[in-house]
Every structure is written in structure tokens, then in C-alpha cells.
Amino acid sequence: MPEGLGRLSIIVFDGGFARIHYALAMASAAAATNRPATLFFTGRALNALIPDGWRRLEGDAAEADARLAERGVATFPELLEACRDLGVRFIACEMGLRAEGIDRAELDPALRIEMAGIVTFLNEARPDGGLLFV
């Protein structure tokens with residue numbers, strides 16, 4: 001990891017396709033440059049962790065994803081896969097799952113999603129890193 005760069009910790013709360021797509025892009029870019037990254041999903045954003053659930057995100061997700069692909073931008077599934085392959089840590093908020101009525105069995109096992117709460121996330125966010133809310 002480059003000197004002085006701590007973990008990038010991103011709280012992914014919003015259910016909008018564009019916001020979550022960009023959070024995935026930031027996390028994968030961080031990991032690709034040897035900076036550890038964590039994505040903490042909660043609220044409506046948790047739908048992105050359900051197989052093909054990203055298609056139900058706000059903002060006509062399927063159309064937006066197709067438009068990005070036509071322009072040579074990584075698609076939502078490609079970014080999820082890149083994050084997974086680059087070792088980005090995925091955390092699903094336990095409280096968020098209950099609030100959204102999502103069973104943890106619905107989440108994509110290929111992403112190796114951890115279940116944790118806000119306290120765990122905040123305790124592991126590094127003071128020398130970045131903390132973003134999307």
C-alpha cells in the first residue's frame with residue numbers, strides 16, 4: 001500500500017444505481033492500487049448485493065448499465081466482480097437487512113459478504129484512511 005494511504009471505507013446507503021455504481025468504481029480503483037477498501041451496504045443499497053438485484057435500483061438501472069457498456073465503462077456486474085476479485089471487503093449491515101426485510105440467504109454468496117453492524121464498521125475504519133457516505 002502506498003505510504004500514508006489507509007483503508008478506504010465507504011458507507012453505501014442510497015438505492016440509486018449511479019451512486020452505487022460509483023461506489024463500486026471507487027472501491028475497485030482503491031483495491032487495484034493496493035489500498036484496502038471496505039463497502040458497508042445498508043438501506044436500499046442492500047438490493048445491490050442480491051443476485052441481479054442491482055437491476056431494481058433507482059434510476060432505470062438496466063438502461064443506465066447498457067448505456068455505460070456502450071461507452072466502454074465497466075458495467076455493474078463487472079464492477080461487483082472486480083471488487084470481489086481485488087479483495088474489497090463487503091459488509092451487509094444487520095440492522096439494514098432487518099429494516100429492508102431482506103433475508104441474508106438472499107445475498108449473493110459469490111461476493112463473500114460479511115454480516116456486521118455499524119459499531120464493527122466504525123471500529124475498523126482507519127483514522128489514516130478515508131470514510132465516504134454514498
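1. In this predicted model, the sulfur of Cys93 lies 19 Å from the closest cysteine sulfur, that of Cys83, which is too far for a bond. Cys93 is also buried, its relative accessible area being 1%.

2. The position of Cys83 is described in the corresponding way: its closest cysteine sulfur is that of Cys93, at 19 Å, again too far for a bond. Cys83 is buried, with a relative accessible area of 0%. A search covering the whole structure returns zero disulfides.

3. Helix α1 comprises 16 residues, 17-32. From its first C-alpha to its last, α1 reaches 22 Å, close to the 22 Å expected at 1.5 Å a residue. After α1 comes Asn34, which has a positive phi near 65°.

4. Among the buried residues of α1 are Phe17, Ile20, His21, Leu24 and Ser28; the list also includes the alanines Ala23, Ala27, Ala30 and Ala31. The cover over the buried residues of α1 includes the strands β1 (8-12), β2 (37-41) and β3 (89-93), together with the helices α2 (61-70) and α3 (76-85).

5. The largest pocket has a volume of about 160 Å³. Its lining consists of 13 residues, and those nearest the centre of the pocket are Pro77, Leu80, Glu81, Asp108 and Leu111. By class, the lining of the largest pocket holds nine nonpolar and four charged residues, with no polar ones.

Terms used
Residues are numbered from 1 along each chain as its sequence is written. This is a predicted model: local features need pLDDT of at least 70, side-chain atom pairs count only at pLDDT 80 or more; totals for chains, interfaces and linings use all residues. Side-chain values use heavy atoms; hydrogens and water are left out. Helices (H or I, at least four residues) and strands (E, at least two) are DSSP runs, numbered from the N terminus. The expected span of a helix is 1.5 Å times one less than its number of residues. Buried means under 20% relative accessible area, exposed over 50%, partly exposed in between (1.4 Å probe, protein chains only). Contact means heavy atoms within 4.5 Å. A disulfide is a pair of cysteine sulfur atoms within 2.5 Å. On a 1 Å grid over the protein atoms alone, a cavity is a set of points where a 1.4 Å probe fits but cannot get out, and a pocket is an open set with protein on both sides within 12 Å along at least five of seven lines; lining residues have an atom within 4 Å of a point. Grid points are joined across faces, edges and corners, and a volume is the space filled by probe spheres set on the points. Ala, Val, Leu, Ile, Met, Phe, Trp, Tyr, Cys and Pro count as nonpolar, Asp, Glu, Lys and Arg as charged, and the others, Gly among them, as polar.
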